[in-house]
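I opened my notebook today to look up a few things in a protein model, one entry at a time. Come along and check each entry against the picture.

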Amino acid sequence: EKLRDTDVFIRITTNANNLDDRDINYIVKNKLLSQLNISLNTESEKTAEKIYASSLRHTHSLNTLNSITKYKELYQADFPKVNIMSILLNVNYNKITSVVSLLGAYKIDFFMLQPLRCHSSKQEEFALSKNQEEEFLREIPEIEKKLSEFKINSNINEFKREKTISYPDDSSSCLELRNKHDLILKCYVPLITFAICYNGNIPLCFFKYDKLYKRNYFELNSLKELIKSHEYISFIKNFIGIGLPEICADCHFCVPHELELIKKRFSHFSNNKECGF
């Protein structure tokens, strides 16, 4: 509510577990959010049983999408825009078309399909075999057709172009950027995005929200206090022109095919002394 009238794009990334119809009504009616990114990895409760503690998460996700559609129509609102985040798993790789089919009843702006990022043996259990990867790649034209039918934008074409669903062993090196001021940027995420977690913490990198640097937003007088803090400046200095801090080790968040777009944006970034960098 406090951020609503500021000049920022407010995006919530959520599994929607704790959102109900009343919450959605409040969000849409009061124009609180610019975008909702909602996880949807399943086409049925049967598949959901293999992934989640409760298979009801599947139905709840669809109920949430239904509420968003209902209240956007009721209040004639364009926002929040809705993006669907889906992870490719060995239990859903051959069901992506069915997942997309479920979205046809709702006004979805973007379908983001992501490879599985394995950080533990628990996640590795859901990794695709080589044969499953090949089967999924053959299915892409049908997925594209279904997305086009519902006029949903997607990154699905990137899988076809890359001919792979895996991340490189060392993505950090290929993402090094240098602008016209000879400023080198090892990672772009912390400079363009702030994430506020449900508990008020602002991680300096929103992908590694469970690691290191944490400041409670509700205890800050302003975001300027955070940006000018020794903690934040030290973190930024660590990966500008020097290298990656320890928190960035083995990070595969940045997708290599985004590099050219990042370069175009980064060309406008200059060494501003007022920032203390």
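**Entry: a threonine**

I started with a side chain: a polar atom of Thr69 lies 3.0 Å from the backbone oxygen of Leu65. A polar contact here is a pair of N or O atoms within 3.5 Å; within protein, one must be able to donate a hydrogen and the other to accept it, and residues adjacent in sequence count only if both atoms are side-chain atoms. I noted before going on that this is a predicted model, where local features need pLDDT of at least 70 and side-chain atom pairs count only at pLDDT 80 or more, while totals for chains, interfaces and linings use all residues. Residues are numbered from 1 along each chain as its sequence is written, and side-chain values use heavy atoms, with hydrogens and water left out.

I found Thr69 in helix 3. Helices (H or I, at least four residues) and strands (E, at least two) are DSSP runs, numbered from the N terminus. Is Thr69 buried or exposed? Thr69 has a relative accessible area of 13%, so I wrote it down as buried. The cut-offs are under 20% relative accessible area for buried, over 50% for exposed and partly exposed in between, using a 1.4 Å probe on protein chains only.

Leaving out residues up to four places away in sequence, I listed Ala105, Tyr106 and Lys107 as touching Thr69. Contact means heavy atoms within 4.5 Å.

**Entry: helix 1**

Next I looked up helix 1, residues 21–29, and found Ile24, Ile27 and Val28 buried. Why are they on the same side of helix 1? They cover an arc of only 90° around the axis, which puts them there; the arc is that of the directions from the helix axis to the C-beta atoms. Those buried residues pack against helix 3 (56–74). On the face turned away from the buried side I saw the exposed residues Arg22 and Lys29.

I also checked both ends. At the start of helix 1, a side-chain oxygen of Asp20 comes to within 3.1 Å of the backbone nitrogen of Arg22. Just after the helix, Lys31 has a positive phi of about 50°.

I then traced an open sheet of 5 strands in the order 1-2-3-4-5, with parallel pairing. Two strands pair if DSSP finds at least two bridges between them. Which strands are at the edges? They are strand 1 (11–14) and strand 5 (153–154), each pairing on one side only.

Strand 3 (residues 81–87) has 5 of its 7 residues buried. It pairs with strand 2 (residues 35–39) over 5 bridges, and Ile38 stands opposite Ile84. Another 5 bridges join strand 3 to strand 4, where Gln114 is opposite Ile87. Strand 4 (residues 110–114) and strand 5 are joined by 2 bridges, and Phe111 has Ser154 as its bridge partner.

**Entry: helix 6**

I saw that helix 6 bends by about 40° at Ile140, with a proline, Pro141, following within four residues. The bend at a residue is the angle between axes fitted to the seven residues ending there and the seven starting there. Among the buried residues of helix 6 I noted Phe136, Ile140 and Ile143. Just after helix 6, Lys151 takes a positive phi of about 55°.

**Entry: the whole chain**

Last, I wrote down the totals: 12 helices and 7 strands, and 43% of the 277 residues buried.
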